[in-house]
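I opened my notebook for a friendly look around this one. Here is what I looked up, entry by entry.

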Amino acid sequence: MSEISGVLAREVLDSRGRPTVEVEITAGAFRGRAIAPSGASTGAAEAWELRDGGERYDGLGVRQAVDNVNQVISPALVGSDPAKQASVDQILLDLDGTPQKKRLGGNAMLAVSLAASHAAAAMAGVPLHTHFHRLMDEVDESDLQPAMPTPMTNMISGGLHAGGNLDFQDVLAIPVRRVDYPLLLEWLVKIYNRLGRLLQDAGMEGRLVGDEGGFGPRLGGNREAVEFVVRAIEAAGLTPGDDVAIALDVAATHFFADGRYQLRAEEVSLSSSEMVDRLEAWTNDLPIVSIEDGLAEEDWEGWTELTERLGDRVRLVGDDLFTTNTERIQRGIDAGAGNSVLVKMNQIGTISETLAAIALARRADMSFVVSARSGETEDASIADLAVGVAAPEIKIGSIVRSERLAKYNQLLRLAEQL
Ligand code: PGA
Ligand code: ZN
């Protein structure tokens, strides 16, 4: 067995042109490489993204995080077995020693942790998804089989990803009829193209896109955005609700102020219960099957009410609420808050903790969605993660822009292998 002989980090750029951390791990003749993604609408409890401040890249440089890998992490990891992900990650956690990974930076730690997975897969001569599946088997009792996830694909972007044109962050299309992945992809592309045309016909910008490639039109309200996507599903010759349904990422944390939900597009300010009323009304007359962050990250009581009222028919996905953190997920389980966990590796900062979050969700009969960030790169590891842990759903963004297609295309390759 080879051991880690080198850990090398460098600063590269993400899909927003912002610096991020890339790490290469060498183990004898084998190599693993990974890049940390980066969020914009981040949860307060997320692993800390270490940035330099100062003038370079308007303060967003990651040279300190890179130095932490090259000078602190590298000497500690040389000689370890990359296949022992739990021990690799424990070394990182011990070196950091802070609750939110502020010392080394969650960006530095995740890139190292994920590069170790790649190196281990190369050493074992197996695809990354198989390696993830083996790691998952160590923490999950059930006999999980690798499987293709269903993509929920961003059609209209709002909120922090599109300059505040809408309050809600994403309106997504999610196929609900079981068909092969290549056909799903064709459907999603068709819906996207029909939507662009519909927006243009309505005098709206049907070409300008937000950070994740979804259209960013200036619509009158959030509901109108959903209605446009429903019409695009029809225009693609598909039946809304039967073939393809709607998922929302409300990202409500980001318009929650003074204890109320401030919907600018509609010029109203809602209490938590009123916000639930509104979401409930929508799910009654629109084909919405999944709502992410329908309420804010600290509105635990509201989340319990939301889950009591809608949980039997809608997936209520916690993103900022859970931040892929087992303590927060456990709090959700205890409080009956949410019934699905959004899984973002860099929200928690190591592969082991990511798998622990998934295992906890599965034990509690919660669903989960493996998710990209709004700042992404050519690193396609989440496609392999989703397959290896049999994620029911994956959320990558829209079906344009290569940092998104890197994942959709990797899923095409994996669909052949399964
Ligand atoms: P983020 O957005 O990467 O900016 O956090 C993605 C999401 O909210 O799901
Ligand atoms: Zn989200």
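This is a predicted model: local features need pLDDT of at least 70, side-chain atom pairs count only at pLDDT 80 or more; totals for chains, interfaces and linings use all residues.

I began with Q90, which sits in helix α2. Next I looked up the distance from Q90 to T350: the two are 260 residues apart in sequence, yet 9.2 Å apart in space, C-alpha to C-alpha.

My second stop was S15, in the loop between β1 (6–13) and β2 (19–27). S15 has a relative accessibility of 23%, so this residue counts as partly exposed too. Which residues does S15 touch, not counting those up to four places away in sequence? I noted S374, G375, E376, R401, E403 and R404. I also looked up S15 against F215: they are 200 residues apart in sequence and 16 Å apart in space, C-alpha to C-alpha.

**The zinc ion**

Then I turned to the zinc ion (ligand 2) and asked which residues coordinate it. I found D249 (OD), E292 (OE) and D319 (OD), at 2.1 to 2.2 Å. Along the sequence, I read the spacing of these donor residues as D-x42-E-x26-D. D249 and D319 link distant parts of the chain, being 70 residues apart. I placed D249 in strand β6 (residues 244–249), and D319 in the loop between β11 (315–318) and α9 (326–335).

How accessible are these two aspartates? D249 is at 1% relative accessibility and therefore counts as buried. D319, at 2%, counts as buried as well.

I stayed in the loop between β11 and α9 to look at T323. Phi of T323 is near 45 degrees, a positive value in a residue other than glycine. T323 has a relative accessibility of 0%, so I wrote it down as buried.

From there I moved on to R328, in helix α9. Is R328 buried or exposed? With a relative accessible area of 14%, R328 is buried; the cut-off for that is under 20%. Leaving aside neighbours within four places in sequence, I listed the contacts of R328 as A45, E297, E298, W300, D320, L321, F322 and T323.

**Another positive phi**

I looked up K101 as well, in the loop between α2 (85–96) and α3 (106–124). Its phi is near 60 degrees, again positive in a residue other than glycine. K101 counts as buried because its relative accessibility is 4%.

**Helices α5 and α6**

My last entry concerns helix α5 (residues 181–201) and helix α6 (residues 222–235), whose axes come within 8 Å and cross at roughly 120 degrees. Why do I call the pair oblique? Angles of 65 to 115 degrees count as roughly perpendicular and those over 145 as roughly antiparallel, so a crossing at roughly 120 degrees leaves α5 and α6 oblique to each other. I noted the crossing of α5 and α6 as right-handed.

Which residues make the contact? On α5 I found I191, R194, L195, L198 and L199, and on α6 F228, V229, R231, A232, I233 and A235. I sorted the residues of this contact into nine nonpolar, no polar and two charged.

Notes: Residues are numbered from 1 along each chain as its sequence is written. Chains are lettered from A and ligands numbered from 1 in the order in which they are written. Side-chain values use heavy atoms; hydrogens and water are left out. Donors are N, O and S atoms within 2.8 Å of the metal (3.2 Å for Na, K and Ca); water is not among the atoms, so sites may look incomplete. Helices (H or I, at least four residues) and strands (E, at least two) are DSSP runs, numbered from the N terminus. Buried means under 20% relative accessible area, exposed over 50%, partly exposed in between (1.4 Å probe, protein chains only). Axes are lines fitted to C-alpha atoms, for helices over the stretch in contact, and angles run from 0 to 180 degrees between N-to-C directions. Angles under 35 degrees count as roughly parallel, over 145 as roughly antiparallel, 65 to 115 as roughly perpendicular and the rest as oblique. A crossing is left-handed if the near helix is turned anticlockwise from the far one by less than a right angle, and right-handed if clockwise. Contact means heavy atoms within 4.5 Å. Ala, Val, Leu, Ile, Met, Phe, Trp, Tyr, Cys and Pro count as nonpolar, Asp, Glu, Lys and Arg as charged, and the others, Gly among them, as polar.
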